[in-house]
Amino acid sequence: MTVPLLAATGLVKHFVASRSLLGRPARTVRAVDGVSLEVMPGETVALVGESGCGKSTIGRLILRLVEPTAGTVRFAGADVSELRGAELRAFRARAQIIFQDPYASLNPRMTVGDMLVEPLLLHKVMTAAAQRDRVGQLLALVGLDPGYARRYPHEFSGGQRQRIAIARALAPEPKLIVCDEPVSALDVSIRAQILNLLADLQRRLGLAYVFISHDLSVVKHIADRVMVMYLGRIVETAPTDALFASPRHPYTQALMSAIPLPSARAGRRRRLLPGDPPSPTAPPAGCHLHPRCPHAEARCSAARPELEELMAGHRVACLKSGEIALDRGSLPAEAETPAHLKRLLAAFEAHALE
């Protein structure tokens, strides 16, 4: 039986939004509310949901960039919260992150070479000549000229900057990378290149990804499993193909129906949820979605639904998941994947970066 590379159990994270005159918490943001997930070696697990649902917070909890209010994170069998000194430094080398904005994540005062050498100085003992060789290898690995090591970030396009950020994450030879919306700030054509690069690197280096995104059309092409979040909780999780073929949670169905169509004439029934998402400082009792859910009953406001398995690997947190009919008229058909994205992905797959 394969052991998970990453196993998070019951993660909770509350942020104090304001305090009373006595210094006690007056308002608390419940960013993550009891999330568990596993990532196997070489697997891509996607976290999807609208802005503010807690996706990025989970990524930071996994890497111990913020401390959890409750719950545990185990990496390669070790409890991350108990790591200190050299052990913590070794974990930092094996678990890296790629940030969303390539214009903000690179230091404008450092050359590309200096930025790539920095993690090598932190995590490896190497001679200066070995460092230069490694920088050239990293740049070539992400499809850039090794001569670019002498340039500064302002001399590159957004797509090139994100390649540099990927190279920096690869420098200490990690086994897990948290990809926090890595293509959302890029043009569509550049997104296809970066997605193909990430997939190619995963095959060559055996990487595991936690891929955070709000774009289901992107997730469909890169993830092995998808976890759908709403207001700090996982509401549905399934293998990617199964989720897109048969979403069973009302929120997931609404997300699917919002995927853009390639043609205005293509027909699909939108499943609109009324109202706005509740505030994470005062989430509703029971099922967080019940004030907006068209299927809600009285029991939905009282009992918190837990993830229950409907079929192999497909789990849903809904008290009525077995009763809700699947409306295929609201789902994106395979042919409805944006044509330009399909062409670009196919082209870059045929000419994978060496």
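User: What share of the contacts between residues at least 6 apart in sequence join residues at least 24 apart in the protein chain?

Analyst: In this predicted model, 67% of the contacts in the protein chain between residues at least 6 apart in sequence join residues at least 24 apart.

User: What makes the phi of Arg64 worth noting, and is the residue buried or exposed?

Analyst: Most residues other than glycine have a negative phi. Arg64, however, has a phi near 60°, a positive value in a residue other than glycine. Arg64 is found in the loop between helix 1 and strand 4, and its relative accessible area is 14%; because buried means under 20%, Arg64 is called buried.

User: Where is Leu231 found, and how do you know whether it is buried or exposed?

Analyst: Leu231 lies in the loop between strand 9 (225–230) and strand 10 (233–239), and its phi, near 50°, is again a positive value in a residue other than glycine. With a relative accessible area of 9%, Leu231 is buried, because the limit for that word is under 20%.

User: Which residues have the most contacts inside the largest nonpolar core?

Analyst: The largest nonpolar core has 59 residues, and those with the most contacts inside it are Ile166, Leu170, Ile177, Leu198, Leu201, Phe211 and Val226. Its largest share, six residues, comes from helix 5 (residues 158–170). Leaving aside neighbours within four places in sequence, Leu198 is in contact with Ile98, Ile166, Pro182, Tyr209, Phe211 and Ile222. Another core, of 32 residues, lies apart from the largest one, with Leu6, Leu11, Leu37 and Leu83 among its residues.

User: Why is the contact of Lys124 with Glu173 called a salt bridge?

Analyst: The side chains of Lys124 and Glu173 meet at 3.9 Å, N to O, and because a salt bridge requires a distance within 4 Å, the pair qualifies. The pair links distant parts of the chain, with Lys124 in the loop between helix 3 (112–123) and helix 4 (128–141) and Glu173 in the loop between helix 5 and strand 7 (176–180), 49 residues apart. Lys124 has a relative accessible area of 28% and is partly exposed, because this value falls between the limits of 20% and 50%.

User: How many residues apart are Arg203 and Asp200 in helix 6, and what separates them?

Analyst: Arg203 and Asp200 are three residues apart in helix 6 (residues 188–205), so they are separated by about one helical turn. Their side chains meet in a salt bridge at 3.7 Å, N to O. Arg203, at 48% relative accessibility, counts as partly exposed, whereas Asp200, at 6%, counts as buried.

User: How do you know that Lys320 and Glu297 form a salt bridge, and which parts of the chain does the pair link?

Analyst: The closest N and O atoms of Lys320 and Glu297 are 3.0 Å apart, and this meets the definition because the limit is within 4 Å. Lys320 is in the loop between strand 12 (314–316) and helix 10 (339–350), and Glu297 is in the loop between helix 9 (250–257) and strand 11 (308–311), 23 residues apart. At 12% relative accessibility Lys320 counts as buried, while Glu297, with 35%, is partly exposed.

User: How many salt bridges does the structure hold, and which residues are linked in a network?

Analyst: The structure holds 13 salt bridges, and Asp33, Arg233, Arg304 and Glu306 are linked in a network of salt bridges.

Methods:
Residues are numbered from 1 along each chain as its sequence is written. This is a predicted model: local features need pLDDT of at least 70, side-chain atom pairs count only at pLDDT 80 or more; totals for chains, interfaces and linings use all residues. Side-chain values use heavy atoms; hydrogens and water are left out. Contact means heavy atoms within 4.5 Å. A nonpolar core is a set of buried Ala, Val, Leu, Ile, Met, Phe, Trp, Tyr and Cys residues joined through side-chain atoms within 4.5 Å. Buried means under 20% relative accessible area, exposed over 50%, partly exposed in between (1.4 Å probe, protein chains only). Helices (H or I, at least four residues) and strands (E, at least two) are DSSP runs, numbered from the N terminus.
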